[in-house]
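Here are some friendly notes to read with the model open beside you. Take the points one at a time, and find each residue on screen as you go.

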Amino acid sequence: MSSPLPETPATPAPTHRWWLLAVLALAQLMVILDGTIVNIALPDAQIELGMTDGDRTWVVTIYALAFGSLLLLGGRVADYWGRKRSFIVGMIGFAIASAIGGLAVNTEMLLAARALQGVFAALLAPAALAILTITFPGGKERIKAFAVFGAIGGGGAAVGLLLGGALAEFASWEWCLLVNVPIAIVAIIGALVFMTESRAHGNTKYDIPGTVLVVAGLASLVFGFSRAEEGWGRLDTIGLLALGVVLLAAFVLVESRVSNPLLPLRVIVNKVRGGAFLVSALTGSALLGGLLFLIFYFQIVLGYSPLLSGLASLPMTAVIMVTVGILSNVLPKIGVRLPMTVGPILAAAGLFYLSFITVEGNYLLEVLPGLVVLGIGLGAIFVPLQNVALAGVEDHDAGVASAAVTATQQIGGSIGTALFTALYTSAISSYLADNASSPTAQFGALVSGYSAAFVCAAALMLLAAPIAFFLIRPSKDDLLKGGTAVHMG
């Protein structure tokens with residue numbers, strides 16, 4: 001792999017670009033919704049397969065572990081092996097793994113399928129984003145394309161809840177996994193028709209030491225944060241998190257010295273892109289963690305069915321889509337700094353509003369306004385976020401840079417879920433200690449826990465505003481240029 005590979009044409013004819021965007025968006029939707037759609041399936045799957053609560057947790061953790069730890073390697077494989085080829089192989093593998101999971105007859109088979117899903121998602125996701133980056137190298141089309149892709153990423157979780165609820169209620173939990181197969185078939189056909197191959201040029205030798213360090217480091221972090229849900233003071237939690245930090249520090253040291261780094265430091269040390277990566281991590285933590293506890297509130301406290309829970313979450317997705325449509329048209333005029341500063345403030349306000357939920361649960365007054373404001377804020381973030389994070393990245397690094405964006409969201413989600421779970425558990429204990437004799441103590445304790453999680457999510461989301469204001473300061477023209485011509489001053 002040490003011989004140079006020529007850069008092959010990657011941009012399809014203009015009439016085909018938007019069809020290609022539809023294919024890439026479909027792939028993005030499949031990867032994103034798979035997280036929440038499986039959560040809907042878990043209660044029924046646990047009963048049918050006889051899973052323990054620990055096994056049920058591993059169904060979620062093992063996917064995050066494989067996906068998060070292999071993302072950077074998947075991005076480099078896409079760069080060197082070919083982005084179209086990686087996309088198709090990733091899609092085929094993801095579909096096969098989903099079919100295995102849907103046909104699982106025991107816990108081991110389901111866990112193996114989920115691990116395989118994570119492996120192929122780590123190849124598929126960065127390939128899709130890299131193809132988007134080089135297909136829309138600049139101009140207003142780039143802004144619209146990234147806006148659509150970002151909206152799918154933000155709304156996909158809620159779509160997964162709705163689709164999962166419908167499948168669980170009217171079909172069976174198996175279809176929450178099997179549904180990926182027809183989606184993958186459509187995406188593969190679209191890729192074969194509309195996608196052209198592209199590869200990195202120049203030095204394409206793999207960085208083996210860097211690969212080993214980053215895979216082990218990210219795996220330790222993801223696993224450590226998943227264990228933190230059971231207590232931050234546990235020896236295994238502290239050990240795994242410490243090991244992850246040490247390994248990633250060693251990874252950075254190696255990357256600064258090798259001639260063919262897995263993740264060139266130029267991708268992440270740029271002030272504007274670094275700010276975008278931080279905003280991405282904070283948004284991922286707040287969104288994934290916040291939605292999880294909102295669904296718990298709907299189903300456990302309010303007694304909603306899985307389908308009704310998905311429908312109750314849908315207004316946020318609808319508002320995101322509307323916001324994306326409006327903002328993508330005015331972004332060239334206002335630039336990215338304003339929406340990326342105001343967006344986190346609005347999203348934080350929406351999450352904070354949700355912290356005032358009660359056991360009685362008036363959806364129209366206590367939940368809907370918060371979802372609307374949260375949707376507006378998230379839409380304002382998603383339109384420019386990935387565009388800014390990938391602006392100025394050379395074609396040679398498109399795959400690994402795209403993987404870095406996804407990795408920040410994945411790690412952010414792991415951190416958020418673990419942190420919110422710890423606060424949720426603490427809040428429940430405190431409430432029960434003060435209200436043990438109350439006839440509604442059980443539900444009151446749960447609502448207290450959910451409120452604590454929403455307040456923490458709001459605080460994390462609010463941190464993104466000053467980061468965006470002080471670090472993400474490209475000019476309006478920078479966003480339009482995209483590609484390698486961007487000046488990030």
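**Notes on the model**

1. Let's begin with Pro306, which touches Ile40, Leu161, Gly165, Glu169 and Gln299, leaving out residues up to four places away in sequence; contact here means heavy atoms within 4.5 Å. Pro306 is found in helix 12 (residues 306-334). Helices are DSSP runs of H or I with at least four residues, numbered from the N terminus. Pro306 counts as partly exposed because its relative accessibility is 26%; buried means under 20% relative accessible area, exposed over 50%, and partly exposed in between, with a 1.4 Å probe and protein chains only. Look also for Ala41: Pro306 and Ala41 are 265 residues apart in sequence, yet 9.3 Å apart in space, C-alpha to C-alpha.

2. A word on what you are looking at. This is a predicted model, in which local features need pLDDT of at least 70, side-chain atom pairs count only at pLDDT 80 or more, and totals for chains, interfaces and linings use all residues. Residues are numbered from 1 along each chain as its sequence is written, and side-chain values use heavy atoms, with hydrogens and water left out.

3. How confident is the predictor? The chain has a mean pLDDT of 83, and 91% of its residues reach 70 or more; pLDDT is the predictor's confidence in each residue, from 0 to 100. Confidence is highest in helix 3 (residues 83-102), at a mean of 95, and lowest in helix 17 (residues 476-481), at 48. Please read two stretches with care. Over residues 1-10 pLDDT stays under 50, and the model has 33 contacts beyond four places in sequence for them. Over residues 477-489 pLDDT also stays under 50, with 38 such contacts in the model.

4. Is Arg76 buried or exposed? With a relative accessible area of 2%, Arg76 is buried. Arg76 lies in helix 2 (residues 53-81), and a polar contact of 2.8 Å joins its side chain to that of Asp79. A polar contact is a pair of N or O atoms within 3.5 Å; within protein, one must be able to donate a hydrogen and the other to accept it, and residues adjacent in sequence count only if both atoms are side-chain atoms. Beyond four places in sequence, Arg76 is in contact with Tyr206, Pro261, Leu262, Pro264, His396, Asp397 and Val400.

5. Next, visit Lys84 in helix 3. Lys84 counts as buried because its relative accessibility is 17%. A polar atom of the Lys84 side chain lies 3.0 Å from the backbone oxygen of Met195. Met195 is also among the contacts of Lys84 beyond four places in sequence, along with Ile131, Ala191, Leu192, Thr196 and Glu197.

6. Which loop holds Ser355? Ser355 sits in the loop between helix 13 (337-354) and helix 14 (363-390). Ser355 is buried, at 9% relative accessibility, and its side chain reaches the backbone oxygen of Phe352 at 2.5 Å. Setting aside neighbours within four places in sequence, Ser355 is in contact with Ser451, Phe454 and Val455.

7. Val181 belongs to helix 7 (residues 180-194) and is partly exposed, at 24% relative accessibility. Not counting residues up to four places away in sequence, Val181 touches Ala95 and Ala99. The C-alpha atoms of Val181 and Phe94 are separated by 8.3 Å, although these residues are 87 residues apart along the chain.

8. Finally, have a look at the second largest pocket, where about 550 Å³ of space lies. On a 1 Å grid over the protein atoms alone, a pocket is an open set of points where a 1.4 Å probe fits, with protein on both sides within 12 Å along at least five of seven lines, and lining residues have an atom within 4 Å of a point. Which helix gives the most to this lining? Helix 15 does, with six residues. The lining divides into 17 nonpolar residues, three polar and no charged; Ala, Val, Leu, Ile, Met, Phe, Trp, Tyr, Cys and Pro count as nonpolar, Asp, Glu, Lys and Arg as charged, and the others, Gly among them, as polar.

How values were computed: Points joined across faces, edges and corners; volume = space filled by probe spheres on them. Helix = DSSP H or I, 4+ residues; strand = E, 2+ residues; numbered from the N terminus.
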